[in-house]
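I opened my notebook to look up a few things in this one. Here are my entries, in the order I went through them.

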Amino acid sequence: MAEAALDAVRRELREFPVAARELSVPLAVPYLDEPPTPLHFYRDWVCPNRPCIIRNALQHWPALQKWSFPYLRATVGSTEVSVAVTPDGYADAVRGDRFVMPAERHLPLSCVLDVLEGRAQHPGVLYVQKQCSNLSIELPQLLPDLEPHVPWASEALGKMPDAVNFWLGEAAAVTSLHKDHYENLYCVISGEKHFLLHPPSDRPFIPYELYIPATYQLTEEGFFKMVDEEAMEKVSVLFLGPREKEGCPGSHWTPWLQIWPGTPVTARLRHFTARCRLVRCSTCQPCGSTMSSSPMVALL
């Protein structure tokens, strides 16, 4: 009797994600034709954690017209930036029993552009993905080309951005599955960003496991080796592998949250909030200038 009741509970829990999607997860990401007011943004998108794509939001940014490869070469080509280098494009990723972080090199931005344009070769996959406001720290020359914040978003969230990041990468660069403690606003100047987003109801079916932290090192011969971070304890990592594909009925599982920049130039503004939650399960494939928040807001 008790076992039958427990089986019934398990069955209901397995079916919960399907019910949650049917009730609250949109089948298609909705479009807005103009930016919302701060009140509407917070009420309709941030609080319910719903995705949307907003058109006509950032056309006034000079970066949208100016940030081409020739412009970047002329303006910041000689400036050294922090570049993540991996053998396959997967930074901060699980490899066997290791959680492997990328090798980091400091290269003139022109060297990265040479690789992206096929003028030069470099071992592995390059991705300018430094956190902690790398745009203002490493590339301050570009700050006049965009606003320091998005006014209606800052008013809705009650503070200015904690960081403004500049990302530039190859099409092979992939971001592993993760949850973020920030409200993230993206503006993709060129190329595409593909998002696979999971709703909070998927969280019980996405396992955490402990992995030994390691870092890629690039040898002088151009080969990669993994070196354990002995001073660090094992880290708890969200991991979604093939064996979990049937863990959540009605969902489409892949091993990673994948973001293919497609050689884009990306500005990202991060607003810190106390919320900690997984984002909506939808796929957004915007082109041109885009912007997204934890409730997945893309602005075109």
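**Salt-bridge network.** I started with the charged side chains and found Arg-73, Asp-114, Glu-117 and Arg-119 linked in a network of salt bridges. This is a predicted model, so I kept in mind that side-chain atom pairs count only at pLDDT 80 or more.

I then looked at one pair from that group: Arg-73 and Glu-117 meet at 2.6 Å, N to O. Arg-73 sits in helix H4 (residues 69-76) and Glu-117 in the loop between helix H5 (109-116) and strand E8 (125-128), so the bridge ties together parts 44 residues apart in sequence. Arg-73 comes out partly exposed at 23% relative accessibility, and Glu-117 is partly exposed too, at 34%.

**Other salt bridges.** How many salt bridges does a search of the whole structure find? I got 14. Among them I noted Arg-43 with Asp-44, at 2.9 Å from N to O. I have Arg-43 as partly exposed at 46% and Asp-44 as partly exposed at 29%.

I also wrote down Lys-159 with Asp-162, whose closest N and O atoms are 2.9 Å apart. Lys-159 is partly exposed at 31%, and Asp-162 is partly exposed at 39%.

**Helix H1.** Next I checked the length of H1, residues 2-24. Its 23 residues should span 33 Å at 1.5 Å a residue, and the end C-alpha atoms are 33 Å apart, so that agrees. Where does the kink in H1 lie? I found it at Phe-16, about 40°, shortly before the proline Pro-17.

Pro-17 is itself buried, as are Ala-20 and Arg-21 in H1. Is Arg-21 buried or exposed by its relative accessibility? I get 13%, and buried means under 20%, so Arg-21 counts as buried.

**Nonpolar patch.** On the surface I marked Leu-6, Val-9 and Leu-13 as a nonpolar patch, with about 260 Å² of accessible area together. Leu-6 belongs to helix H1 and is partly exposed at 38%. I jotted a reminder on spacing: an α-helix has 3.6 residues a turn, so residues three or four places apart point the same way.

**Cysteines.** Last, I looked for disulfides, and the count comes to zero. I still looked up Cys-47, which is partly exposed at 44% relative accessibility, and Cys-111, which is partly exposed at 33%.

Methods:
Residues numbered from 1 in each chain as written. Predicted model: local features only at pLDDT ≥ 70, side-chain atom pairs only at ≥ 80, totals over all residues. Heavy atoms only, no water. Helix = DSSP H or I, 4+ residues; strand = E, 2+ residues; numbered from the N terminus. Expected span 1.5 Å × (residues − 1). Bend = angle between axes of the 7 residues up to and from the residue. Buried < 20%, exposed > 50% of the residue type's maximum accessible area, 1.4 Å probe, protein only. Disulfide = S-S within 2.5 Å. Patch = residues over 30% accessible without salt bridge, like charges linked within 9 Å, V, L, I, M, F, W, Y side chains within 5 Å. Areas by Shrake-Rupley, 256 points an atom, 1.4 Å probe, with all protein chains shown as cover. Salt bridge = Lys/Arg side-chain N within 4 Å of Asp/Glu carboxyl O.
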